[in-house]
Amino acid sequence: MTPNLVLPGSLTGKLVTPGDRRYAMLRSTYTTRHTPAEILLPETTQQVVAAVRYARERGLPIAVRSGGHGLSGNSSNDGGLVIDLSALNRVQVLDERARLVRVEAGARWAMVAKALAPYGLAISSGDHGNVGVGGLATGGGVGWLVRRYGLTVDHVRAVEVVLADGTLVRADAEHEPELFWLVRGAGAGAGIVVAFEFRAEEVRNVGLAQIVVEASPDGATVRQWADHLARAPRELSTAVVLYSQGRSAIMQITAIVTAESLRRVRPLIEPLLSIGRLLDHRNDLAPYPALVPMGHLHPNVGQQASTTTNSLLTMDDASARAITRAATGPSRAVVQLRSVGGAVNDVDPAATAYPHRHQDTLVIGSVFPPHGGAALDAAWRPIAARADGAYVNFESRPDRAAFDRIYPGETGRRVAALWRRYDPDGVFRPALLTRQPGARQENGRESGARQANGRESGARQTGGQQTGGRDAGSRSGGREQGGADRRRSASRRGGGRGDRRR
């Protein structure tokens, strides 16, 4: 480490250290408490460039955070330097007719929805307003409108990236196409994406239904839910929380229909009312920002310790039984289901670094203290046996085994090669590529493992939803909040998490 380095003049007033009153609100992530040595709060792209150069000169591990909502906790670190992008939060409509929008990486999705609402525009972007744009939009983005409009990454038209050497690069389909491919699904190891250009969709009001049913222990209710989604028009997307209540399994279903009339909403919702004994039901029309409201915004101070994993699969009877048993077994995992398919599967698997373009269901499992990784693994093994993919923003234990599930085959080889090309010194290299399976972790943090270059293996930009990556570390990743609150917040959250940037 270089002693007594002078902070660049452009970063004067932007450095937070443990003695600063702001430190307590900036040090941690949603799931994990951390103690970084320094936190930088750049407000412009050029200040991000200066921050990267300063951090490298300091020789400290670097973490990058856009929201701090990522499940892995990698958007902060212990003893290192955090580049916090929260002040880069501008949302600008560049071309209203073309629906082209520029969004800086530190914005939260609640802010984006509010800014676009006057134009009648929205971006499908996870399901919790506190998730940071940077983490989710580099990991995938499984949101409320996913079956109709696809993933968030499918709407990215260009990115602005600060590479590990401090170079600022604009990437799109014609300029730096390899970098552009990489950041749409595997942005964690590419550099710091400071801004995105998205093509938004014309969305004002949506149909919103909240349904609660008792689920059959043999998995039949879960299978019927999936079967209905497989047949339903793409206007219908759903998020489900499945949990145990006494001897029963309960399914909380949030269904969103991209329609302006309840007359269109009701026929798509009605089949879901009969998949199990109906306990509660209501539907309404709501403006899109109501799904990711400003009320979601809160500091991330390590308030929700949890362990989370996920699987992408095509639902069948055996999968449905395994999913139901995970929720009702000894670990009492909270299981979330996201309907995918639809527009997601229209995209060529090789078009982006998110290759999972044939499955119909994303299944997420979380356990909370005192249960930990061993309990989750035991509950998840039968589900994993039916799966053929995973999503970076819902994985709280990034390691090489997770990498192989998230980026299988040729995608993984290409991702790893490009991470090394754009970051040869491993400044931003995620734990997905460096941590060995089974490495001991504490509260989502690797205990003591360091890269050969002296940097912490997980201190990178993450993607949720939210997921997760940089979404792998700095992504959104809202999780359920203890007891009944876990179930309530699970029904409100989701999307691409796990990104560190969140």
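# Helices, sheets and loops

Visitor: What pLDDT do side-chain atom pairs need in order to count?
Guide: Residues are numbered from 1 along each chain as its sequence is written, and side-chain values use heavy atoms, with hydrogens and water left out. This is a predicted model, in which totals for chains, interfaces and linings use all residues, local features need a pLDDT of at least 70, and side-chain atom pairs count only at pLDDT 80 or more.

Visitor: Within what arc do the buried residues of helix 7 fall?
Guide: Helix 7 has 12 residues and reaches 17 Å from its first C-alpha to its last, close to the 16 Å expected at 1.5 Å a residue, the expected span being 1.5 Å times one less than the number of residues. Its buried residues are Thr-221, Val-222, Trp-225, Ala-226, His-228 and Leu-229. Seen down the axis of helix 7, these line one face of the helix, because the arc (that of the directions from the helix axis to the C-beta atoms) within which they fall is 160°.

Visitor: Which strands are the edge strands of the sheet of 7 strands?
Guide: This open sheet has the order 15-12-14-13-17-18-16 with antiparallel pairing, where two strands pair if DSSP finds at least two bridges between them. The strands that pair on one side only are strand 15 (277–287) and strand 16 (307–313).

Visitor: How many residues of strand 16 are buried?
Guide: Both faces of strand 16 are covered, with Thr-307, Thr-309, Ser-311 and Leu-313 buried on one side and Thr-308, Asn-310 and Leu-312 on the other. In a regular strand the side chains alternate between the two faces of the sheet. Strand 16 is therefore largely enclosed by the rest of the structure, its buried residues numbering 7 of the 7.

Visitor: Which residue in strand 18 is the bridge partner of Leu-313?
Guide: Strand 18 runs antiparallel to strand 16, to which 7 bridges join it, and antiparallel to strand 17 (residues 334–339), with 6 bridges. In the latter pair Leu-337 stands opposite Val-363, while the bridge partner of Leu-313 in strand 18 is Thr-361.

Visitor: Which residue in strand 4 is the bridge partner of Ile-39?
Guide: An open sheet of 4 strands, with mixed pairing, has the order 1-2-4-3. Within that sheet, 3 bridges join strand 2 (residues 38–40) to strand 4 (residues 81–84), and these two run parallel. The bridge partner of Ile-39 in strand 4 is Val-82.

Visitor: What is the omega of the cis peptide bond from Pro-369 to Pro-370?
Guide: Most residues other than glycine have a negative phi, and most peptide bonds are trans. Pro-370 lies in the loop between strand 18 and helix 10 (373–384). The bond from Pro-369 to Pro-370 is cis, with omega near 10°.

Visitor: What is the relative accessibility of Arg-332?
Guide: Arg-332 is found in the loop between helix 9 and strand 17, and has a positive phi of about 50° although it is not a glycine. Arg-332 counts as partly exposed, because its relative accessibility is 44%.

Visitor: How far apart in space are Ala-353 and Gly-412, C-alpha to C-alpha?
Guide: Ala-353 lies in the loop between strand 17 and strand 18 and is buried, with a relative accessible area of 0%. Not counting residues up to four places away in sequence, Ala-353 touches several residues, including Trp-181, Tyr-407 and Val-415. Ala-353 and Gly-412 are 59 residues apart in sequence, and their C-alpha to C-alpha distance is 8.4 Å.

How values were computed:
Buried < 20%, exposed > 50% of the residue type's maximum accessible area, 1.4 Å probe, protein only. Contact = heavy atoms within 4.5 Å.
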